[in-house]
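Subject: Structure handover

Hello,

Here is the structure I promised to pass on.

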Amino acid sequence: MFRDALRWTGTLNRRALLRGAGAVAGSLAAASALRGMPEAAQEQSAATLPSFTGPAANPHWNSVGPIVSEPQKAPLILLTDRPVQLETPRNYFTSAFTPNEAFYVRWHLDRIPNAVDLKEWRLHVEGNVSSPQSFSFGDLLRKFKAETVAAVNQCSGNSRSRLQPRVPGGQWGNGAMGNARWTGVKLRDLLNAAAMKNGSLQVQLQGLEQGEGPEGMGSRAFQKSLDLDNPAIDECLVAYAMNGEPLPMLNGFPVRLVVPGYFATYWTKCLTWIRVLDKADENFWMKTAYRIPDTPRGTTTPEAMKAGGVKTVPIGRMPVRSFLVSPDGGAKIPAGMTVNLRGIAFSGYGRVTKVEVSDDNLKSWKSVQLGEDFGAYSFRTWEFSWAPKAPGRYSVAVRATDEKGNAQPDEPVWNPAGYLWNRIERQEFVVGTAE
Amino acid sequence: MTINLRRLFAGLVAGTAIAGGVAVAQHQLGSYAAPNLGKVSQPAARELTDDSRYGAASYPTFEVGLADGAGKSETQIYCGVCHTTRYITMQPPLPAATWDAEVQKMVKTFGATIPEADAQKIAQYLHEHYTPETRKQ
(Lines give C-alpha, C1' and ligand atoms only; values in the text may rest on other atoms or scores of the structure.)
Protein backbone atom coordinates (compact mmCIF):
# COMPACT_ATOMS: atom_id res chain seq x y z
CA MET A 1 0.00 0.00 0.00
CA PHE A 2 2.86 2.36 0.78
CA ARG A 3 3.94 1.71 -2.81
CA ASP A 4 0.84 3.62 -3.91
CA ALA A 5 2.18 6.71 -2.18
CA LEU A 6 5.27 6.57 -4.37
CA ARG A 7 3.34 6.53 -7.60
CA TRP A 8 3.83 10.27 -8.10
CA THR A 9 7.10 9.52 -9.81
CA GLY A 10 5.03 8.98 -12.93
CA THR A 11 1.65 10.55 -13.56
CA LEU A 12 0.16 11.14 -10.15
CA ASN A 13 -2.76 8.93 -9.24
CA ARG A 14 -4.17 11.12 -6.52
CA ARG A 15 -7.02 8.81 -5.53
CA ALA A 16 -4.75 5.80 -5.11
CA LEU A 17 -2.38 7.98 -3.16
CA LEU A 18 -5.06 9.15 -0.76
CA ARG A 19 -6.39 5.62 -0.37
CA GLY A 20 -2.92 4.49 0.60
CA ALA A 21 -2.46 7.39 2.95
CA GLY A 22 -5.74 6.73 4.70
CA ALA A 23 -4.91 3.09 5.29
CA VAL A 24 -1.40 3.53 6.64
CA ALA A 25 -0.77 6.19 9.26
CA GLY A 26 2.94 6.23 8.52
CA SER A 27 2.42 7.44 4.98
CA LEU A 28 0.26 10.42 5.96
CA ALA A 29 3.23 12.73 6.15
CA ALA A 30 4.36 11.77 2.66
CA ALA A 31 0.85 12.30 1.33
CA SER A 32 0.59 15.78 2.80
CA ALA A 33 3.93 16.65 1.25
CA LEU A 34 2.56 15.61 -2.13
CA ARG A 35 -0.66 17.58 -1.68
CA GLY A 36 1.46 20.73 -1.54
CA MET A 37 2.78 20.18 -5.08
CA PRO A 38 1.12 22.03 -7.95
CA GLU A 39 -0.81 19.73 -10.27
CA ALA A 40 1.15 20.94 -13.31
CA ALA A 41 4.48 19.88 -11.80
CA GLN A 42 3.09 16.45 -10.99
CA GLU A 43 1.75 15.93 -14.50
CA GLN A 44 4.82 17.28 -16.27
CA SER A 45 6.60 14.99 -18.72
CA ALA A 46 9.95 15.64 -20.39
CA ALA A 47 9.69 18.46 -22.94
CA THR A 48 11.85 18.38 -26.07
CA LEU A 49 14.11 21.15 -27.32
CA PRO A 50 13.02 23.61 -30.01
CA SER A 51 14.42 23.09 -33.53
CA PHE A 52 16.50 26.29 -33.40
CA THR A 53 17.69 28.96 -30.98
CA GLY A 54 18.01 32.71 -31.43
CA PRO A 55 18.24 35.55 -32.08
CA ALA A 56 19.42 35.39 -28.42
CA ALA A 57 22.41 33.19 -27.55
CA ASN A 58 21.81 29.44 -27.42
CA PRO A 59 21.20 28.84 -23.68
CA HIS A 60 21.94 25.09 -23.85
CA TRP A 61 25.30 23.38 -23.33
CA ASN A 62 24.97 21.50 -26.63
CA SER A 63 23.34 22.48 -29.90
CA VAL A 64 19.62 21.67 -30.20
CA GLY A 65 19.50 19.25 -33.16
CA PRO A 66 17.95 15.76 -33.02
CA ILE A 67 19.93 12.68 -31.98
CA VAL A 68 20.92 10.50 -34.94
CA SER A 69 22.88 7.31 -35.51
CA GLU A 70 25.55 7.44 -38.25
CA PRO A 71 27.74 4.52 -39.38
CA GLN A 72 30.47 3.58 -36.86
CA LYS A 73 29.18 6.23 -34.44
CA ALA A 74 27.17 6.33 -31.21
CA PRO A 75 23.97 8.42 -31.30
CA LEU A 76 25.13 12.05 -31.64
CA ILE A 77 23.52 15.45 -32.15
CA LEU A 78 22.78 16.29 -35.77
CA LEU A 79 23.76 19.64 -37.21
CA THR A 80 23.69 18.60 -40.86
CA ASP A 81 23.55 15.26 -42.66
CA ARG A 82 25.05 16.22 -46.08
CA PRO A 83 27.87 16.90 -45.56
CA VAL A 84 27.92 15.28 -42.13
CA GLN A 85 28.26 17.46 -39.03
CA LEU A 86 27.61 15.83 -35.66
CA GLU A 87 28.10 17.17 -32.14
CA THR A 88 29.22 15.15 -29.11
CA PRO A 89 26.72 15.20 -26.22
CA ARG A 90 27.88 16.75 -22.94
CA ASN A 91 27.92 13.51 -20.95
CA TYR A 92 30.97 12.22 -22.87
CA PHE A 93 33.24 14.94 -21.45
CA THR A 94 33.67 13.68 -17.89
CA SER A 95 36.69 11.62 -18.97
CA ALA A 96 39.98 12.85 -20.43
CA PHE A 97 39.60 10.84 -23.64
CA THR A 98 36.60 10.99 -25.94
CA PRO A 99 35.54 7.59 -27.35
CA ASN A 100 36.00 7.31 -31.13
CA GLU A 101 32.33 6.47 -31.62
CA ALA A 102 31.30 9.64 -29.79
CA PHE A 103 33.88 11.98 -31.35
CA TYR A 104 32.27 14.94 -33.14
CA VAL A 105 32.25 15.11 -36.95
CA ARG A 106 32.62 18.11 -39.24
CA TRP A 107 32.99 17.92 -43.02
CA HIS A 108 32.89 20.86 -45.42
CA LEU A 109 31.96 19.25 -48.74
CA ASP A 110 29.37 16.59 -49.50
CA ARG A 111 31.36 13.92 -51.33
CA ILE A 112 33.06 12.27 -48.38
CA PRO A 113 34.44 8.74 -48.32
CA ASN A 114 32.23 5.78 -47.44
CA ALA A 115 34.99 3.35 -48.38
CA VAL A 116 38.71 3.37 -49.11
CA ASP A 117 40.64 0.60 -50.87
CA LEU A 118 44.06 0.43 -49.23
CA LYS A 119 45.42 -1.52 -52.20
CA GLU A 120 44.93 1.61 -54.31
CA TRP A 121 45.16 4.38 -51.72
CA ARG A 122 48.51 6.15 -51.34
CA LEU A 123 49.66 9.08 -49.24
CA HIS A 124 51.44 11.36 -51.72
CA VAL A 125 54.25 13.73 -50.74
CA GLU A 126 54.76 15.98 -53.75
CA GLY A 127 55.30 19.54 -54.96
CA ASN A 128 58.58 21.36 -54.36
CA VAL A 129 60.50 18.19 -53.46
CA SER A 130 63.43 16.33 -55.05
CA SER A 131 62.03 12.88 -54.46
CA PRO A 132 58.21 12.66 -54.58
CA GLN A 133 56.85 9.81 -52.48
CA SER A 134 53.73 7.62 -52.41
CA PHE A 135 53.27 5.66 -49.22
CA SER A 136 50.84 2.82 -48.67
CA PHE A 137 49.10 2.42 -45.31
CA GLY A 138 51.45 -0.51 -44.67
CA ASP A 139 54.47 1.71 -45.43
CA LEU A 140 53.34 4.11 -42.73
CA LEU A 141 53.01 1.25 -40.24
CA ARG A 142 56.36 -0.39 -41.09
CA LYS A 143 58.82 2.18 -42.41
CA PHE A 144 58.54 4.94 -39.82
CA LYS A 145 58.82 5.23 -36.07
CA ALA A 146 55.40 5.36 -34.44
CA GLU A 147 54.69 8.34 -32.19
CA THR A 148 51.72 8.96 -29.90
CA VAL A 149 50.35 12.26 -28.63
CA ALA A 150 47.26 13.10 -26.59
CA ALA A 151 45.71 16.12 -28.25
CA VAL A 152 42.43 18.02 -28.31
CA ASN A 153 40.72 18.44 -31.65
CA GLN A 154 38.33 21.39 -31.52
CA CYS A 155 36.37 22.98 -34.35
CA SER A 156 37.19 26.66 -34.92
CA GLY A 157 33.47 27.36 -34.59
CA ASN A 158 32.89 25.39 -31.39
CA SER A 159 30.29 27.29 -29.29
CA ARG A 160 29.42 29.55 -32.25
CA SER A 161 25.79 29.62 -31.04
CA ARG A 162 26.94 31.70 -28.00
CA LEU A 163 27.80 34.80 -30.05
CA GLN A 164 25.77 38.01 -29.86
CA PRO A 165 24.69 39.06 -32.36
CA ARG A 166 24.42 35.55 -33.79
CA VAL A 167 26.45 34.75 -36.91
CA PRO A 168 25.65 32.29 -39.72
CA GLY A 169 27.50 28.96 -39.78
CA GLY A 170 27.31 25.62 -38.01
CA GLN A 171 25.39 26.41 -34.83
CA TRP A 172 27.56 24.37 -32.49
CA GLY A 173 27.06 24.23 -28.76
CA ASN A 174 30.15 23.18 -26.79
CA GLY A 175 30.45 19.65 -28.20
CA ALA A 176 32.52 20.27 -31.35
CA MET A 177 35.62 19.08 -29.52
CA GLY A 178 37.22 15.85 -28.38
CA ASN A 179 40.47 14.48 -27.03
CA ALA A 180 42.22 11.33 -28.24
CA ARG A 181 45.54 9.53 -28.19
CA TRP A 182 46.73 9.85 -31.78
CA THR A 183 49.34 7.44 -33.08
CA GLY A 184 51.15 7.79 -36.38
CA VAL A 185 54.15 9.08 -38.26
CA LYS A 186 55.80 12.46 -37.82
CA LEU A 187 54.94 14.81 -40.70
CA ARG A 188 58.60 15.89 -40.60
CA ASP A 189 59.75 12.31 -41.34
CA LEU A 190 57.54 12.20 -44.45
CA LEU A 191 58.78 15.60 -45.64
CA ASN A 192 62.37 14.51 -45.09
CA ALA A 193 61.79 11.34 -47.11
CA ALA A 194 60.71 13.49 -50.05
CA ALA A 195 63.63 15.95 -49.62
CA MET A 196 62.16 19.44 -49.81
CA LYS A 197 63.86 21.77 -52.28
CA ASN A 198 65.17 25.25 -51.51
CA GLY A 199 62.52 27.93 -51.45
CA SER A 200 59.88 25.74 -49.80
CA LEU A 201 57.48 27.96 -47.88
CA GLN A 202 54.37 26.02 -46.88
CA VAL A 203 53.01 22.53 -46.76
CA GLN A 204 49.50 22.05 -48.14
CA LEU A 205 47.23 19.26 -46.94
CA GLN A 206 44.37 17.78 -48.92
CA GLY A 207 42.14 14.79 -48.23
CA LEU A 208 39.63 12.76 -50.24
CA GLU A 209 36.71 15.12 -49.52
CA GLN A 210 35.26 16.77 -52.65
CA GLY A 211 32.37 19.07 -53.44
CA GLU A 212 30.05 19.84 -56.33
CA GLY A 213 31.53 23.25 -57.06
CA PRO A 214 33.61 24.31 -60.08
CA GLU A 215 37.29 23.32 -60.36
CA GLY A 216 39.57 25.76 -58.54
CA MET A 217 36.93 26.91 -56.06
CA GLY A 218 36.58 26.19 -52.36
CA SER A 219 33.36 24.34 -53.08
CA ARG A 220 35.33 21.67 -55.02
CA ALA A 221 38.33 20.94 -52.77
CA PHE A 222 39.23 21.53 -49.14
CA GLN A 223 42.89 22.47 -48.80
CA LYS A 224 44.76 23.86 -45.79
CA SER A 225 48.37 24.96 -45.45
CA LEU A 226 50.88 25.49 -42.66
CA ASP A 227 54.05 27.60 -42.81
CA LEU A 228 57.14 25.39 -42.84
CA ASP A 229 58.88 27.65 -40.32
CA ASN A 230 56.02 27.17 -37.85
CA PRO A 231 57.38 25.16 -34.87
CA ALA A 232 54.05 23.27 -34.86
CA ILE A 233 55.24 21.41 -38.00
CA ASP A 234 57.63 19.38 -35.84
CA GLU A 235 54.77 18.32 -33.56
CA CYS A 236 52.46 17.24 -36.40
CA LEU A 237 51.59 13.57 -36.80
CA VAL A 238 49.99 11.76 -39.69
CA ALA A 239 47.78 9.58 -37.48
CA TYR A 240 46.59 6.10 -38.44
CA ALA A 241 45.28 5.28 -34.98
CA MET A 242 42.90 7.10 -32.67
CA ASN A 243 42.71 5.85 -29.08
CA GLY A 244 44.52 2.74 -30.27
CA GLU A 245 41.99 1.89 -32.98
CA PRO A 246 41.56 2.64 -36.70
CA LEU A 247 39.91 6.01 -37.29
CA PRO A 248 36.15 5.89 -37.93
CA MET A 249 35.45 6.71 -41.58
CA LEU A 250 33.70 9.92 -40.48
CA ASN A 251 36.78 10.99 -38.47
CA GLY A 252 39.17 10.57 -41.40
CA PHE A 253 40.13 6.94 -42.09
CA PRO A 254 42.73 5.98 -43.25
CA VAL A 255 44.90 8.82 -41.86
CA ARG A 256 44.41 12.36 -40.66
CA LEU A 257 46.82 15.13 -39.79
CA VAL A 258 47.19 15.95 -36.09
CA VAL A 259 48.36 19.48 -35.26
CA PRO A 260 48.60 19.58 -31.46
CA GLY A 261 47.35 22.87 -30.01
CA TYR A 262 45.79 24.03 -33.28
CA PHE A 263 42.16 24.26 -34.28
CA ALA A 264 40.81 21.28 -36.23
CA THR A 265 40.67 23.08 -39.58
CA TYR A 266 44.31 22.02 -40.11
CA TRP A 267 43.70 18.39 -39.06
CA THR A 268 42.95 17.19 -42.61
CA LYS A 269 40.83 14.02 -42.68
CA CYS A 270 41.47 11.17 -45.18
CA LEU A 271 44.78 12.94 -45.79
CA THR A 272 46.04 11.91 -49.24
CA TRP A 273 48.15 14.78 -50.62
CA ILE A 274 50.96 16.48 -48.73
CA ARG A 275 52.11 19.20 -51.10
CA VAL A 276 55.19 21.34 -50.54
CA LEU A 277 54.61 24.89 -51.85
CA ASP A 278 57.18 27.52 -52.83
CA LYS A 279 54.66 30.32 -52.48
CA ALA A 280 51.86 31.14 -50.08
CA ASP A 281 48.64 29.13 -50.53
CA GLU A 282 45.94 31.45 -51.85
CA ASN A 283 43.09 28.97 -52.06
CA PHE A 284 39.71 29.95 -50.56
CA TRP A 285 40.17 27.96 -47.33
CA MET A 286 43.35 29.92 -46.52
CA LYS A 287 42.81 33.34 -48.09
CA THR A 288 39.13 33.89 -47.30
CA ALA A 289 37.87 31.32 -44.81
CA TYR A 290 39.14 30.38 -41.35
CA ARG A 291 40.57 33.83 -40.75
CA ILE A 292 40.31 35.82 -37.54
CA PRO A 293 40.65 39.55 -36.82
CA ASP A 294 44.26 40.42 -35.98
CA THR A 295 43.17 41.77 -32.58
CA PRO A 296 43.51 40.54 -28.96
CA ARG A 297 41.39 37.34 -28.67
CA GLY A 298 40.39 37.78 -32.34
CA THR A 299 37.44 39.85 -31.28
CA THR A 300 35.88 42.79 -33.13
CA THR A 301 32.41 44.28 -33.65
CA PRO A 302 29.77 44.23 -36.40
CA GLU A 303 30.28 48.01 -36.72
CA ALA A 304 34.04 47.66 -37.29
CA MET A 305 33.41 44.96 -39.89
CA LYS A 306 30.88 47.14 -41.68
CA ALA A 307 33.32 50.08 -41.68
CA GLY A 308 35.93 47.79 -43.26
CA GLY A 309 39.69 47.64 -42.81
CA VAL A 310 39.74 44.91 -40.13
CA LYS A 311 43.01 43.07 -40.81
CA THR A 312 42.71 39.29 -40.59
CA VAL A 313 45.14 36.39 -40.15
CA PRO A 314 44.66 32.61 -40.49
CA ILE A 315 43.28 31.00 -37.32
CA GLY A 316 45.91 29.18 -35.27
CA ARG A 317 46.17 27.94 -31.70
CA MET A 318 43.20 27.31 -29.42
CA PRO A 319 42.71 29.71 -26.49
CA VAL A 320 42.38 28.25 -22.99
CA ARG A 321 38.94 26.85 -22.07
CA SER A 322 37.27 24.93 -19.26
CA PHE A 323 33.88 23.32 -18.78
CA LEU A 324 31.71 22.12 -15.93
CA VAL A 325 30.36 18.89 -17.34
CA SER A 326 28.61 17.11 -14.49
CA PRO A 327 26.17 17.42 -12.87
CA ASP A 328 24.36 19.17 -15.68
CA GLY A 329 21.86 21.17 -13.63
CA GLY A 330 18.96 19.00 -14.77
CA ALA A 331 18.22 17.76 -11.25
CA LYS A 332 17.81 19.59 -7.94
CA ILE A 333 20.46 19.29 -5.26
CA PRO A 334 19.33 19.01 -1.60
CA ALA A 335 20.84 21.79 0.56
CA GLY A 336 23.69 20.59 2.76
CA MET A 337 24.69 17.78 0.45
CA THR A 338 28.21 17.71 -0.96
CA VAL A 339 28.20 17.39 -4.73
CA ASN A 340 31.13 16.29 -6.88
CA LEU A 341 31.49 18.82 -9.70
CA ARG A 342 33.48 17.44 -12.64
CA GLY A 343 34.78 18.83 -15.88
CA ILE A 344 37.66 19.33 -18.28
CA ALA A 345 40.08 22.07 -19.29
CA PHE A 346 42.61 22.55 -22.11
CA SER A 347 44.69 25.14 -23.93
CA GLY A 348 46.42 25.20 -27.31
CA TYR A 349 49.22 27.25 -25.76
CA GLY A 350 50.39 24.64 -23.22
CA ARG A 351 49.47 22.80 -20.02
CA VAL A 352 46.52 23.85 -17.95
CA THR A 353 48.02 24.68 -14.56
CA LYS A 354 44.98 25.91 -12.64
CA VAL A 355 41.23 25.56 -12.72
CA GLU A 356 39.02 27.50 -10.31
CA VAL A 357 35.33 27.67 -9.55
CA SER A 358 33.19 30.49 -8.20
CA ASP A 359 29.65 30.29 -6.84
CA ASP A 360 29.34 34.00 -5.96
CA ASN A 361 29.31 35.61 -9.40
CA LEU A 362 33.12 35.64 -9.86
CA LYS A 363 33.79 37.46 -6.57
CA SER A 364 35.80 34.65 -4.99
CA TRP A 365 37.49 31.64 -6.59
CA LYS A 366 38.45 28.24 -5.22
CA SER A 367 41.05 25.98 -6.85
CA VAL A 368 39.89 22.55 -7.92
CA GLN A 369 41.67 19.19 -7.93
CA LEU A 370 43.25 18.52 -11.35
CA GLY A 371 43.23 15.01 -12.82
CA GLU A 372 46.09 13.13 -14.48
CA ASP A 373 48.36 15.11 -16.80
CA PHE A 374 48.37 13.43 -20.23
CA GLY A 375 50.50 16.12 -21.86
CA ALA A 376 50.34 19.76 -22.83
CA TYR A 377 47.68 19.39 -25.52
CA SER A 378 45.30 16.95 -23.80
CA PHE A 379 42.06 17.51 -21.93
CA ARG A 380 42.76 17.67 -18.22
CA THR A 381 39.93 16.54 -15.98
CA TRP A 382 39.10 18.34 -12.74
CA GLU A 383 36.90 17.74 -9.68
CA PHE A 384 35.56 19.89 -6.90
CA SER A 385 33.47 19.11 -3.82
CA TRP A 386 30.75 21.71 -3.68
CA ALA A 387 28.41 21.98 -0.70
CA PRO A 388 25.69 24.57 -1.15
CA LYS A 389 24.27 25.23 2.32
CA ALA A 390 21.04 27.12 1.65
CA PRO A 391 18.23 26.48 -0.84
CA GLY A 392 18.17 28.78 -3.85
CA ARG A 393 19.51 29.30 -7.34
CA TYR A 394 23.26 29.17 -7.85
CA SER A 395 25.48 29.95 -10.78
CA VAL A 396 28.81 28.12 -10.71
CA ALA A 397 31.51 29.56 -12.97
CA VAL A 398 34.70 27.77 -14.01
CA ARG A 399 37.95 29.39 -15.16
CA ALA A 400 41.19 27.81 -16.38
CA THR A 401 44.73 29.21 -16.59
CA ASP A 402 47.49 27.71 -18.74
CA GLU A 403 51.27 27.56 -18.21
CA LYS A 404 51.78 30.69 -20.31
CA GLY A 405 49.58 32.58 -17.84
CA ASN A 406 46.58 32.85 -20.16
CA ALA A 407 43.38 32.85 -18.09
CA GLN A 408 39.82 32.75 -19.42
CA PRO A 409 38.21 36.21 -19.35
CA ASP A 410 34.51 36.85 -18.75
CA GLU A 411 34.20 39.14 -21.77
CA PRO A 412 32.50 37.57 -24.79
CA VAL A 413 34.14 37.17 -28.21
CA TRP A 414 32.64 38.35 -31.48
CA ASN A 415 33.91 37.97 -35.02
CA PRO A 416 31.92 37.44 -38.22
CA ALA A 417 32.77 33.74 -38.59
CA GLY A 418 32.09 32.84 -34.96
CA TYR A 419 35.52 31.52 -33.98
CA LEU A 420 37.59 31.46 -30.77
CA TRP A 421 34.82 31.54 -28.13
CA ASN A 422 36.46 30.97 -24.74
CA ARG A 423 34.51 33.05 -22.26
CA ILE A 424 34.17 31.73 -18.68
CA GLU A 425 31.41 29.08 -18.63
CA ARG A 426 28.63 29.01 -16.06
CA GLN A 427 26.24 26.34 -14.86
CA GLU A 428 22.98 27.10 -13.04
CA PHE A 429 21.98 24.81 -10.17
CA VAL A 430 18.77 24.73 -8.16
CA VAL A 431 19.29 23.76 -4.53
CA GLY A 432 16.17 22.60 -2.71
CA THR A 433 15.37 22.43 0.95
CA ALA A 434 16.24 19.14 2.62
CA GLU A 435 13.97 19.57 5.64
CA MET B 1 8.78 23.61 -62.71
CA THR B 2 11.36 25.56 -64.73
CA ILE B 3 14.35 24.45 -62.74
CA ASN B 4 17.31 22.94 -64.52
CA LEU B 5 18.31 19.67 -62.92
CA ARG B 6 21.21 19.09 -65.30
CA ARG B 7 23.79 20.47 -62.91
CA LEU B 8 22.58 18.26 -60.10
CA PHE B 9 22.94 15.16 -62.21
CA ALA B 10 26.24 16.34 -63.68
CA GLY B 11 27.50 16.55 -60.11
CA LEU B 12 26.32 13.03 -59.32
CA VAL B 13 27.98 11.61 -62.43
CA ALA B 14 31.21 13.51 -61.71
CA GLY B 15 31.23 11.90 -58.28
CA THR B 16 31.84 8.52 -59.82
CA ALA B 17 34.47 9.72 -62.30
CA ILE B 18 38.11 10.69 -61.92
CA ALA B 19 38.84 12.74 -58.83
CA GLY B 20 42.03 14.75 -58.34
CA GLY B 21 43.96 12.51 -60.68
CA VAL B 22 43.21 9.40 -58.64
CA ALA B 23 41.67 6.21 -59.98
CA VAL B 24 38.02 5.43 -59.23
CA ALA B 25 38.96 2.20 -57.47
CA GLN B 26 40.76 4.08 -54.72
CA HIS B 27 37.71 5.14 -52.80
CA GLN B 28 33.97 5.56 -52.84
CA LEU B 29 32.62 9.03 -52.18
CA GLY B 30 29.31 10.43 -51.09
CA SER B 31 26.92 7.55 -50.56
CA TYR B 32 23.84 8.78 -48.72
CA ALA B 33 20.60 6.99 -47.83
CA ALA B 34 17.25 8.16 -46.40
CA PRO B 35 15.93 6.76 -43.09
CA ASN B 36 13.45 8.33 -40.65
CA LEU B 37 14.47 11.13 -38.35
CA GLY B 38 13.64 10.84 -34.68
CA LYS B 39 14.03 7.09 -34.47
CA VAL B 40 17.48 5.94 -33.49
CA SER B 41 17.69 2.23 -34.30
CA GLN B 42 20.50 -0.11 -33.35
CA PRO B 43 22.60 -0.79 -36.43
CA ALA B 44 23.09 -4.40 -37.50
CA ALA B 45 26.64 -5.72 -37.69
CA ARG B 46 28.24 -5.31 -41.12
CA GLU B 47 29.53 -8.21 -43.17
CA LEU B 48 33.31 -7.77 -43.31
CA THR B 49 35.83 -9.41 -45.61
CA ASP B 50 39.60 -9.65 -45.10
CA ASP B 51 40.49 -7.77 -48.30
CA SER B 52 41.90 -4.26 -48.79
CA ARG B 53 38.56 -2.46 -48.84
CA TYR B 54 37.54 -0.57 -45.69
CA GLY B 55 34.25 1.20 -45.40
CA ALA B 56 31.12 2.25 -43.59
CA ALA B 57 27.44 2.06 -44.50
CA SER B 58 25.80 4.88 -46.47
CA TYR B 59 25.39 8.07 -44.47
CA PRO B 60 21.76 8.72 -43.58
CA THR B 61 19.99 11.82 -44.91
CA PHE B 62 16.92 13.21 -43.19
CA GLU B 63 13.93 15.15 -44.40
CA VAL B 64 14.14 18.86 -43.62
CA GLY B 65 11.11 20.76 -42.33
CA LEU B 66 11.47 23.77 -44.65
CA ALA B 67 8.62 26.28 -44.33
CA ASP B 68 5.98 26.13 -47.08
CA GLY B 69 5.76 29.11 -49.42
CA ALA B 70 6.83 30.64 -52.71
CA GLY B 71 10.47 29.88 -53.49
CA LYS B 72 10.60 26.66 -51.45
CA SER B 73 11.21 24.39 -54.44
CA GLU B 74 13.95 26.67 -55.87
CA THR B 75 15.57 26.67 -52.43
CA GLN B 76 15.40 22.88 -52.17
CA ILE B 77 16.79 22.27 -55.63
CA TYR B 78 19.54 24.87 -55.97
CA CYS B 79 20.78 24.87 -52.37
CA GLY B 80 20.43 21.08 -52.27
CA VAL B 81 22.98 20.58 -55.06
CA CYS B 82 25.88 21.05 -52.65
CA HIS B 83 24.35 20.58 -49.18
CA THR B 84 21.25 19.71 -47.20
CA THR B 85 18.82 22.58 -46.63
CA ARG B 86 19.13 21.79 -42.92
CA TYR B 87 21.90 24.41 -43.18
CA ILE B 88 19.01 26.89 -43.38
CA THR B 89 16.81 25.53 -40.60
CA MET B 90 19.83 25.07 -38.28
CA GLN B 91 20.56 28.83 -38.34
CA PRO B 92 19.21 31.26 -35.78
CA PRO B 93 16.82 33.83 -37.26
CA LEU B 94 19.12 36.01 -39.38
CA PRO B 95 18.51 39.54 -40.72
CA ALA B 96 17.40 39.77 -44.37
CA ALA B 97 20.71 41.38 -45.34
CA THR B 98 22.61 38.41 -43.87
CA TRP B 99 20.53 35.99 -45.96
CA ASP B 100 21.19 38.11 -49.08
CA ALA B 101 24.91 37.90 -48.34
CA GLU B 102 24.66 34.11 -47.90
CA VAL B 103 22.94 33.66 -51.27
CA GLN B 104 25.53 35.90 -52.95
CA LYS B 105 28.34 33.96 -51.26
CA MET B 106 27.01 30.70 -52.70
CA VAL B 107 26.90 32.22 -56.21
CA LYS B 108 30.06 34.36 -56.24
CA THR B 109 32.40 32.64 -53.79
CA PHE B 110 31.33 29.02 -54.25
CA GLY B 111 30.30 29.15 -57.91
CA ALA B 112 26.70 27.92 -57.57
CA THR B 113 25.02 28.27 -60.97
CA ILE B 114 21.75 29.85 -59.90
CA PRO B 115 20.00 32.10 -62.46
CA GLU B 116 19.60 35.63 -61.07
CA ALA B 117 15.79 35.40 -60.98
CA ASP B 118 15.93 32.17 -58.97
CA ALA B 119 18.56 33.56 -56.62
CA GLN B 120 16.15 36.44 -55.93
CA LYS B 121 13.31 33.99 -55.28
CA ILE B 122 15.48 32.08 -52.83
CA ALA B 123 16.49 35.26 -51.00
CA GLN B 124 12.85 36.35 -50.84
CA TYR B 125 11.83 32.93 -49.48
CA LEU B 126 14.50 33.20 -46.76
CA HIS B 127 13.29 36.72 -45.85
CA GLU B 128 9.72 35.50 -45.58
CA HIS B 129 10.46 32.57 -43.27
CA TYR B 130 13.87 32.83 -41.60
CA THR B 131 14.42 36.37 -40.22
CA PRO B 132 13.82 37.45 -36.58
CA GLU B 133 10.52 39.00 -37.73
CA THR B 134 9.27 36.06 -39.75
CA ARG B 135 10.66 32.80 -38.37
CA LYS B 136 8.06 30.45 -36.91
CA GLN B 137 9.37 26.90 -37.10
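First, the ground rules. This is a predicted model, in which local features need pLDDT of at least 70, side-chain atom pairs count only at pLDDT 80 or more, and totals for chains, interfaces and linings use all residues. Residues are numbered from 1 along each chain as its sequence is written, while chains are lettered from A and ligands numbered from 1 in the order in which they are written.

**An open sheet in chain A**

Five strands of chain A make an open sheet with mixed pairing, ordered β18-β25-β24-β20-β21. β18 (333–334) and β21 (366–367) of chain A are the edge strands; each has a single partner strand, so one side of each is left without a neighbour in the sheet. Strands here are DSSP runs of E with at least two residues, helices are runs of H or I with at least four, and both are numbered from the N terminus. Two strands pair if DSSP finds at least two bridges between them. β18(A) runs parallel to β25 (residues 425–432) of chain A, joined by 2 bridges. In that pairing, A:Pro334 sits opposite A:Gly432.

**A covered strand**

Strand β10 (residues 202–210) of chain A is mostly covered, with 9 of its 9 residues buried. Buried means 20 or more other C-beta atoms within 10 Å of the residue's own, with C-beta atoms placed from the backbone. β10(A) is antiparallel to β14 (residues 271–277) of chain A, through 6 bridges. There, A:Leu205 has A:Ile274 as its bridge partner. Another 6 bridges link β10(A) to β11 (residues 221–227) of chain A, also antiparallel. A:Gln202 is bridged to A:Asp227 in β11(A).

**Where the chains meet**

Chains A and B each put 46 residues into their contact, where two residues are in contact if their C-beta atoms, placed from the backbone, lie within 7 Å. Among the elements of chain B that each supply at least two residues to its side are β1 (27–29) and α4 (96–109). Strand β5 (residues 113–117) of chain A runs antiparallel to β1(B), with 3 bridges between them. A:Ala115 is bridged to B:Gln28.

Best wishes

Technical notes:
Buried ≥ 20, exposed ≤ 12 C-beta atoms within 10 Å, placed from the backbone.
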